[in-house]
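Here is a short report on one model. Look at the structure first, then read on.

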Amino acid sequence: MSAFFQALASVISPASLLSLFSGALCGVWVGVMPGLSSVMGMSIMLPLTLSLSGSNGIMMMLGIFCGAIYGGSVTAILLNTPGTANSAATCLDGNPMAIKYKQPGRALSISTTGSTFGGMFSSVMLLITAPLLAKVALKFSAPEYFALAVFGLSVVTSVSSTSMLKGIIGAILGLLLATIGMDSFTGDFRLTFGTIYLSGGISFIPVLIGLFAFSQGLITVEETFNKKKEEVQKTKIERIFPSRQDIKTIFPSLVRSSLIGTLIGAIPGTGGDIAAWVGYNEAKRWSKHPEKFGDGAPDGIAAPEAANNAISGGALIPLLTMGIPGDACTAIMLGALMMQGISPGPLLFTEQTEKVYLIIVGLFFANVFMAIIGFSGIKFFSKIVNVPNHLMTPIIFVFCFVGTFAINHNINDVYLMIICGILGYFIIKMEFSIPPIILGLILGATIENNYRRAMALSDGNAWIFFQRPISCVLLIIGIVSLFYPLFFPIIKRKLAERKSRRINA
């Protein structure tokens, strides 16, 4: 325990706390700005952190890491513009609560609460279970990754707003989009139409911004076109903290989604996007009012935010125990740690115990500062919805163009965003749901690549997915998750009819 208290004393020193606060503030700003990402923020700030003495550089990187994940939810809720794939699920209920029901402060307070709870939960879980979870993560190979991605895709029937059939069609469309580009096994080009731009596949961010933000801007233009005088929205922020009733409502989802995020984060190669969608789906499945999801349900905001922020602690488990970065952010973190003289791996826990506790305690305090910055900024963030539509819509379009171009500085990304935005406009008009398309696009490559690797390992024997316990369990859960929304209403009606007959008899 002496190592733990030494690390705690080091973290609560003024210089470390200032570094954590600066990093969290920078991370939230990066997350709020469309087009900037946590990867970009950490990359830009890495040289600065190396110039800081002692462990202050690591503290600043942890602050950026946590702040950027949370910051993406602000634009997702207020502008329906997810800066990263992690925040896409938050749009579904966050934007209706903020815009349709004029409760931006409530939506942001729930989002901040969910993010803080998820981040702190994963920090504690990292402290307690890192060695144990690392052993489970080591057992993952191609069949398990395939099964996990299938499980993630199985939520399409739950996130489909009006028609499950349209949701499945959307997921298939997303999977087809994911096949565009060079085949990683054969080197053949698929659906690239002879262009170099498409040879690397479809970029996620232009598609996300086009389908969620640009399409919504077109719909807003259409709705306000014939109005002579626009009604200016006046929203008063009555509270910056969630009410007792909201906390009581979302608490089960917070615990469940934080656990999901930590477990998924512990698996290298996964990310906050999968955790957010799975967390959202499970919150809807266990909710007493699943019909309210997609229309401003508090659980629909808290669950994905808790799950994607819980990734921060989970992703550090394979990083610290095995030296394996789970995503781009932890890859940068790995580089920063090695430059600071910390070598992640199995021996880290025995040879540099104080450093391990320093990172874990620092992650916990980074989430504390993220919460302080998030709650204190709610009144400022919420003023965005008071801007009239005739001013806000052009601003959204500017964010769409600038945010898309800033990712790769490629004008073709902007063209892709516009095409996706126009397609998204017609898709929404035809009452198709956008999330299944995004899910198919995000998970398509993981499903295809790991399926082909598993087939190569088993000489074409598909039973490999059911012979391995983890993949078998994940596939069964995925099948249940896929058909549960189809059959549950029928079972529920049959049970109600049987109960009614017993009462009448």
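Helix 1 (residues 2-11) and helix 16 (residues 353-376) cross in a right-handed way. (A crossing is right-handed if the near helix is turned clockwise from the far one by less than a right angle, and left-handed if anticlockwise.) Their axes are 8 Å apart, at an angle of about 50°. That makes helix 1 oblique to helix 16. Helix 2 and helix 4 also pack, and their crossing is right-handed. Helix 2 is roughly parallel to helix 4.

| Helix pair | Angle | Axes apart |
|---|---|---|
| Helix 1 and helix 16 | about 50° | 8 Å |
| Helix 2 (residues 14-32) and helix 4 (residues 56-78) | about 30° | 6 Å |

Angles under 35 degrees count as roughly parallel, over 145 as roughly antiparallel, 65 to 115 as roughly perpendicular and the rest as oblique. Helices are DSSP runs of H or I with at least four residues, and strands are runs of E with at least two.

This is a predicted model: local features need pLDDT of at least 70, side-chain atom pairs count only at pLDDT 80 or more, and totals for chains, interfaces and linings use all residues. Residues are numbered from 1 along each chain as its sequence is written, and side-chain values use heavy atoms, without hydrogens and water.

Now two loop residues. Phenylalanine 193 has a positive phi, near 55°. Phenylalanine 193 sits in the loop between strand 2 (189-190) and helix 10 (204-224). Aspartate 459 has a positive phi too, near 60°. The loop of aspartate 459 runs between helix 20 (434-457) and helix 21 (464-467).

Terms used. Axes fitted to C-alpha atoms, helices over the stretch in contact; angles between N-to-C directions.
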